[in-house]
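This briefing concerns a single protein model and is arranged by topic. Please read it alongside the sequence and the coordinates.

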Amino acid sequence: MNKLKKLMLLVLIATSVNVFSQTKADALKDAKTTSKATLDMDFETLLNYTLPSVLDMMGGKDGAMQVLKTTFDGMKAQGFVFEKADIISVSEIVKEQDQFRCVVEGYNQMKMSEQRISSKSYLLGIYNETGKHWWFIEAKQLKNKALADNILPNFETALDIPEDDVKVEKL
């Protein structure tokens, strides 16, 4: 086999392995892992699946850990209870701006101060080729241009990112 054929075969194999690891099933599995970590208040796992530029904005992983602990402790002291954090679906995976991306639809249900808050919300998933898993960010954050420029400079997408839908009911 000549060198060109060997090179083409190697490229084909490498591409096949790379595409295989970026499936909707993997995105769904990783999104469910983050959802479970939220319910379990497993911040270490949650931060492992958080887009690194978000962690940087929060003062690094240690700073982000402290923010999460303080926030959740305060909410818990006020009677906040996470009842559900489910992942509903994952969009098709697209390659844009040298990233594999998808939109993840989630459903959260919380209880606080005699109210139940339910929300359908969306995450943007970005595949971490080095770690071979997906990173996530609340998609609504990317609709704020100034914030988006800090998190993902020059961000553009053809993915449909719906608005969050929040409902509050008295208990």
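The model is predicted, so local features need pLDDT of at least 70 and side-chain atom pairs count only at pLDDT 80 or more, while totals for chains, interfaces and linings use all residues. Residues are numbered from 1 along each chain as its sequence is written, and side-chain values use heavy atoms, with hydrogens and water left out. Helices (H or I, at least four residues) and strands (E, at least two) are DSSP runs, numbered from the N terminus.

**Aromatic cluster**

- The whole structure contains 4 aromatic pairs; rings of Phe, Tyr and Trp (its six-membered ring) pair if their centres lie within 6.5 Å, and planes under 30 degrees apart count as stacked, over 60 as edge-to-face and the rest as tilted.
- Phe72 and Phe82 are stacked, at 6.3 Å centre to centre with 20 degrees between the planes.
- Because Phe72 lies in helix α5 (residues 60–77) and Phe82 in strand β1 (residues 81–90), this pair ties together parts that are 10 residues apart in sequence.
- Phe80 and Phe82 form an edge-to-face pair, 5.4 Å centre to centre and 90 degrees between the planes.
- Both Phe80 and Phe82 are buried, where buried means under 20% relative accessible area, exposed over 50% and partly exposed in between (1.4 Å probe, protein chains only).
- Phe72 is buried too, and ring pairs link Phe43, Phe72, Phe80 and Phe82 into a cluster.

**Strand pairing around β4**

- Strands β3 (residues 99–112) and β4 (residues 115–128) run antiparallel and are joined by 12 bridges; two strands pair if DSSP finds at least two bridges between them.
- The β3–β4 hairpin has 2 residues between its strands, and Ser113 in the turn has a positive phi of about 50 degrees.
- β4 also pairs in the antiparallel sense with strand β5 (residues 133–138), over 6 bridges.
- Leu124 is the bridge partner of Val103 in β4, and the partner of Leu124 in β5 is Ile137.
- A further 6 bridges join β4 to the antiparallel strand β6 (residues 165–170), where Glu169 is the bridge partner of Arg116.

**Helix α2**

- The buried residues of α2 are Ala27, Asp30, Ala31, Thr34, Ser35, Ala37 and Thr38.
- They cover an arc of only 160 degrees around the axis, which puts them on the same side of α2; the arc is that of the directions from the helix axis to the C-beta atoms.
- The face turned away from the buried side of α2 carries the exposed residues Ala25 and Lys36.
- Just after α2, Met41 takes a positive phi of about 55 degrees.
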